[in-house]
Each structure stands twice: as structure tokens, then as C-alpha cells.
Amino acid sequence: MADAKITGPAKIIRPAALRQGDKIGIIAPASSFNREAFLAGCDRLRQMGYEPVYSQDIFDRDLYFAGGVDRRMHEFHEFWRREDIAALICVRGGYGSNYLLEKLDYGMISAHPKILLGCSDITSLLTAIHDRTGLIGFHGPMVAKDIADGTFDEASWNNALTGIAEWDVPAHGVEALRPGTARGKLYGGCLSMLVASLGTPYEIQPDGCILFIEDIGEKPFRVDRMLMQLRIADKLEKVRGFVFGEMLDCLPPKGEIYTLQQVILRVLASYDVPIVYGFKSGHVTSGNITLPIGVQAELSVEGATASLRILEAATG
């Protein structure tokens, strides 16, 4: 079992920038997936100028997983060790990444930094790896969904993965919930995965961060409950700003007139920091944004206007 102890703030590690012609390792650390969507996603990556690489046992199934934990663990480590692989992109989320956390070789990951891209259940890997190694991760589109559909945001993909120093995260349709300006490390992911880390050796470390939170299909009272759990666990006291995702299908029961935005403001009423709602990364209707997890960012909310600016390159 790998050492899960966090020894202190890690030095930020930037993976090498993604270039045309690079080989991308396709991994399935969580749930099984649709083969046709997977192959469509690989075709799309080829059209973009990359070479997708995957093992044939990626199509294995074990209950709702993409094969047993040993298969998924071997796949992750094997592609991470390979010098010819520039990035690892996950096929889908679902459930199962947490099985890998206590088996990951964090020292090897740190010694061979690569791009790791995914969202949803992959939040567990992105946060745990960043907290232990300082490696910047990437929250965004996955092979069998947004990449297969061609509905992800290519501008943020290029900005995040190819080493652009400063850039603005697309903010179409974003709502300003509370004014203010904050700078800090961009951190976070799927809310249910962030909450699931509590009480484990892989508990999230959001102090001093701009916390990104998104999810899908959770009723407002469940979002309320999860935010309250983070609050009671003392995980929100030092957060400098809150960035909520699209929160797809997180709707109140039929006939109710309150909104999720009202619920969020109620739970976070005691935090005098900027809050925005609607950044499209993770579970989204379209235009999935690639967000670098671990870089310095600035959140600005003034009147009805909100912006999120990345302040440093995520890759080198």
C-alpha cells in the first residue's frame, strides 16, 4: 500500500505541454463504458492530431467497473511510466477511482509528471495526486462523452494543456452571486467526490483556494447537505472564493419555486468572499471547459459581471 500521508505543502509540478503528434494514454480507472462512444472519442483525438493508445483489456468489466482494481491500477501505472506517453485521459467517471488511491505510487507519479485529464469520479484522483505531489491536474472532457461528441471547449483545452501563461476561463451565462475579488489556487471538482474524501487519508485540502464545485442530478437539499458537511468539517473557512459549475439537473422538486442559487447563498452566508455560478466544466450540457487544478487564479465579481482568470501556465 502506498504511503497516504500528506507531509506538507508540495512544490507545484507542471507536466510537459501537449503537442501535436503526442501519444495519449486512454485509461478507465472507474466505471465501464460504451465501446462505440469510446472509439468515437479516439477518432476525434486522431482528428485533433494526437495518437490515442490503449490496452485491449480496457474493455473488461467487473460489476460496474472497467475491470478489476488490479487491471485498472496496472493500466494507470503502466501508462504513467511510459516515456512516450504525454498525457493520460480518462474514458469516463462513474465510480471506482477511490479503489486506486491507496495503491498509487505517488513517488513515481511525481518523478514522471504527465497530464491527467478527467472529471466526475476522477476528482478523487486529481485532488489526491495534487495534494501529495503538487502535480497540476486537469478537470474537463473525457473520451467517451464530450470528446466523442465533439462538444468540449477547444480554446480552454489548448490554453490549459499547451502552456499558455494567462487566459480567461469562458464565462458565458455565468451568474454573479456575491461580489468581490480573490486570488488563490484553483482547486476542487465534483462535490460528491469532495465530500466523500472527508474522514479519509485523502481528505481534500482547500485552504487558501478558489474552490470549484460542480455535480449532476443532486436535489438542492442534497447540495445543501454536502456543503454543510464541508462547512462543519472546517473545510470552507479559509476558502477565498467559490466557483460553481453548471450544476446540471440539480433542480428542486416539481412545484417548488426556490432555486439552487438561493440554497447556495444561504449555506455560504457567513463567508464574505466572491461566489459565482455556472462555469461549464465537468457535467455540462455542452462546451466542457478544461480547468487546470493547482494553478493560481483570480476570481472577480462586480455587479452582474464575473470572470475567472488563470494567472500562470499549467504545463511547461
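**Exercise 1.** Over the ring of which residue does the charged end of Arg 35 sit, and how many Å from its centre?

*Solution.* The model at hand is a predicted one, and in it the charged end of Arg 35 sits over the ring of Phe 59, at 3.8 Å from the centre of that ring. The ring of Phe 59 also belongs to an aromatic cluster, which it forms together with Phe 33, Phe 38 and Tyr 54.

**Exercise 2.** Classify the pair formed by the rings of Phe 38 and Tyr 54, and state where each residue lies.

*Solution.* Begin with the distance: the ring centres are 4.8 Å apart, and rings pair if their centres lie within 6.5 Å. Turn next to the planes, which stand at 85°, so the pair is edge-to-face, given that angles over 60 degrees count as such. As for location, Phe 38 is in helix 1 (residues 35-47), whereas Tyr 54 is in the loop between strand 2 (51-53) and helix 2 (69-81), so that the pair links distant parts of the chain, 16 residues apart.

**Exercise 3.** Is Phe 38 buried or exposed, and how does Tyr 54 count?

*Solution.* Phe 38 has 0% relative accessibility and therefore counts as buried, while Tyr 54, at 24%, counts as partly exposed.

**Exercise 4.** Classify the pair formed by the rings of Phe 76 and Trp 80.

*Solution.* The ring centres are 5.3 Å apart and the planes lie at 10°, so this pair is stacked. Both Phe 76 and Trp 80 lie in helix 2, 4 residues apart, which is about one turn of the helix, and both residues are buried.

How values were computed: Residues numbered from 1 in each chain as written. Predicted model: local features only at pLDDT ≥ 70, side-chain atom pairs only at ≥ 80, totals over all residues. Heavy atoms only, no water. Phe/Tyr/Trp six-rings, centres within 6.5 Å; stacked < 30°, edge-to-face > 60°. Helix = DSSP H or I, 4+ residues; strand = E, 2+ residues; numbered from the N terminus. Buried < 20%, exposed > 50% of the residue type's maximum accessible area, 1.4 Å probe, protein only. Lys NZ or Arg CZ within 6 Å of the ring centre and 35° of its normal.
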